[in-house]
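Thanks for sending this one over. Here are my notes, in numbered points, for you to read beside the model.

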Amino acid sequence: MSKTGTVPGLAPYPLGPGFDEMYAGPGEVRRHYEHAHRIFSAMGPEALKRKQRAMQRRMLEEGITFTLYGSDGAARERPLERTIPFDMIPRIIPGEEWRDLERGILQRMEALNRFVHDVYHEQRIVKDGLVPRRMILSNRYFRPEMAGFRVPGNTYIAASGIDLIRHSDGRYYVLEDNLRTPSGFSYLFKGRTLMNQLFPKLCFESAIRDVDASLNRFLSALRSLAPSRNPDPLIVLLTPGSYNSAYYEHAFLAQQMGIRLVEGRDLVADNHKIYLRTMRGMQQVDIIYRRLDDEYLDPLTFRPDSMLGVPGLMNAYRAGNVALANAPGTGVADDKAMYTYVPDMIRYYLGEEPLLRNVPTYVLSRPEEREFVLERLHEMVVKETSLSGGYGMLIGSESTPEERELFRGNILREPERYIAQPIMALSTAPVLAGSGAAPRHIDLRAFALAGANGQTHVIPGGLTRVAMHEGSLVVNSSQGGGVKDTWVVDEPGLPSIEKE
Amino acid sequence: MLNRNAEALFWIGRYFERAENHARLIDVHYHIQQTETHDAASSRWSRLVDAIGSRDEYTARHDDFSEEDVLSFLTLDLEHPNSIYACIYQARSNLRMLRQQLPSEMWDAASGFQLWLDEQTPANILEDPHDFYQRLKEQTATFLGIEQSTLWREKEWHLIESGRFLERAENTVRILKSTAVYCRGSDSSRWYPMLQAVLNSLSAYQAFRRRFADDMSPARLLEFLIADPTFPRSALFAFRELEEHLHGLAEDSAQRGQGHRIVLRQTGKIKSHLEYLDYEELDLNRVDPLLDRLIEWCDELGGAMRERYFRSEEIRV
């Protein structure tokens, strides 16, 4: 353990009641952080500021931005293009801790994929009385069009993002599953590249698990879903377009995987097949990695006013001529109320005990749970079941009496739209703020990539999201959250766990 | 044109290409991220010296392979004829000799480049290596861009470009040689970061993906960087360009001597060999004869250019 108190670059900060990723106690650095701590401490505030400026400049040069559209009523001519706040102190996860997380995520994803399959086929889990039928039928993301359809490779959820937090007991908890069109991949990969460039020595000297090969795994997973036997399948990434807030990510992934970035207007359905309009004529598309919500995919099936999708896409899909990643209708499993059933799904489908914990969750359509929650709204987080991105959320401890009254009314009016959870203490990690380090709350979005027949890969580390404001618990980028590079570091000398 | 001027032009192309290749190689080797144990750190730096083929010169000057020593040896050491500084210094000397015969912007660019290098110290590199080599590459690109947009397409142009593409072919093959050695000597789980680093160092990552998608293997990498017809840093592409510029030179020069024909024939033979490669030759365990032969051919071509083409006493170095 190293003690530092004299170096302004990374002076110890007072610890809160929660778990701190770097400090085990006052000034006591955890073993897996020692090397990084030493390097950052030795740099001094001036050098750190220079690095931070260089980082910022590169992100701007490379256009690593997301777009914020105003909802503040002010007539904003141009939407804001922002670089995401990127903190340079990496979040470090020891190899053995990661091994447990990885197993838990693989287990969870297998059960969730089976659940989605079950929902659109026999619905055994409903018949056996584990999940109430109305929870499925009333679910906003339930797609009756998917009933009875066998999806390519039997994989519904090709790309998923599992949000995890570390509570004050030092354990990880799953906060939510993102099973529709999770984002954040580009920040993960780009963050690592930037760190390698800015801190080559530190990166060299730490045995960090490689993430670059995960992009190849991503591409292999997508290719494995091709419904035809075409040895060189045509893959496209379907984006809503350059005005989408995640457009940078779409362009990044298309570029890195060498797949085509297309909009709905570039595709056309003909004779139950999907074609790409190219200068060389129509080319048949085998796999669509879509970053478009279900309801925009096909105006003939879903929202008729959607200009973003491809008329006839669902027919081509159901004819088995094109793969969609992820499959339509996976949202039925990532609803915040369905989340409470995931541990049961794992026991039901796999006959195993869940390796990852869920945060205790109150389903407000149940009268006794609702009553319990309404009595202590000030100590609860209330979320709308079908919204994500930190929207439609009440954090009890930070709310005003008026806000609580508003939510109370909403809950009483439409209880099935809400769930509540006790306020979990997110762990803290050091960020560079002002002239030194300060603790900020973080979570972890882990990404799993599944190819045909359940071949699943978890990207080592994932994306650490940071609530950049002191004390804040909201880490979403749309709400001013930032990110950190996340390292899975094996003890020097120990063999790495994952073998290809 | 005087023979020695012709050779000076040829070497301007070679030196700039060499400087750029070394900057690419260093930048990416620098950032290869491998889960190797700490004590293997020095082998990363010796591998870099080997890739550039200067081990003897290095060990004559330094006892061990440290980051700072290796980077300054490869970048700023004027005594080391393969360093980036030495390459630019030589190219600028050649340009000074010829400056009245070339667009003045070319001289300005080379001269500005060297003035910048004069001021650099190892500390500047270590401060932010990525940024440093990025700026180096930008300056070689500036020179190339100015040459492309200002130089008349006559023998001066063909000479510089001949030098550039012969050098490029040789560098690409040398990088492949060290990649093949590395891959054979390491577990296949270690290949990916190395292959990706090589592709990045040659700005080939995206082009490779377009052609081979997720099939990232040593054999595919070899196939791509040796024989891809459209990627501008593949060996085949370089030999095609070289042949074209040698033809251009033949059309433009008064005496089409015997020497010229020999060089052209040799280039055409190598190009044809690469166009009709047998895929077995690209197997990781069987590729060495091909790579060695290519390096030999490049050497011979360089020699033939000197002996048969420039036909006069050596003027370089």
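How much area is buried between domain 1 of chain B and domain 2 of chain B, and what percentage do carbon and sulfur atoms give?

1. About 3,600 Å² is buried between domain 1 of chain B and domain 2 of chain B, and carbon and sulfur atoms give 58% of that. Buried area here is the accessible area (1.4 Å probe) that two parts lose on being put together, summed over both. Within domain 1 of chain B, the residues that lose the most area to domain 2 are Glu7(B), Phe10(B) and Arg14(B), together 18% of what that side buries.

2. A word on the ground rules: this is a predicted model, in which local features need pLDDT of at least 70 and side-chain atom pairs count only at pLDDT 80 or more, while totals for chains, interfaces and linings use all residues. Residues are numbered from 1 along each chain as its sequence is written, chains are lettered from A and ligands numbered from 1 in the order in which they are written, and side-chain values use heavy atoms, with hydrogens and water left out.

3. Back to chain B, where the domain assignment gives domain 1 (1-151) and domain 2 (153-317); such bounds come from an automatic or database domain assignment. Their C-alpha centres lie 20 Å apart. The contact (heavy atoms within 4.5 Å) takes 36 residues from domain 1 of chain B and 39 residues from domain 2 of chain B.

4. Eight salt bridges are found across this domain interface of chain B, a salt bridge being a side-chain nitrogen of Lys or Arg within 4 Å of a carboxyl oxygen of Asp or Glu. Glu20(B) forms a salt bridge with Arg233(B), with the closest N and O atoms 3.5 Å apart. On the domain 1 side, α1(B) brings the largest share, 20 residues. Helices (H or I, at least four residues) and strands (E, at least two) are DSSP runs, numbered from the N terminus.

5. Now to where the chains meet. Chain A gives 31 residues to the contact and chain B gives 26 residues. The area buried between chain A and chain B is about 2,500 Å², with 49% from carbon and sulfur atoms. Gln197(A), Phe204(A) and Asn216(A) supply 25% of the area that chain A buries against chain B, more than any other three residues.

6. There are five salt bridges across the interface of chain A and chain B. Have a look at Arg50(A) and Glu127(B), whose side chains meet in a salt bridge (3.1 Å, N to O). On the side of chain A that touches chain B, α7(A) gives the most, with seven residues.

7. Chain A itself has 13 helices and 24 strands. Its domain assignment gives domain 1 (8-77), domain 2 (91-357 + 445-463) and domain 3 (362-422). The C-alpha centres of domain 1 of chain A and domain 2 of chain A lie 29 Å apart, and 23 residues of domain 1 are in contact with 21 residues of domain 2.

8. Between domain 1 of chain A and domain 2 of chain A about 2,100 Å² is buried, of which carbon and sulfur atoms give 66%. Phe19(A), His32(A) and Ile64(A) supply 23% of the area that domain 1 of chain A buries there, more than any other three residues. Three salt bridges are found across this interface. Arg166(A) also forms a salt bridge with Glu21(A), the closest N and O atoms being 3.0 Å apart.
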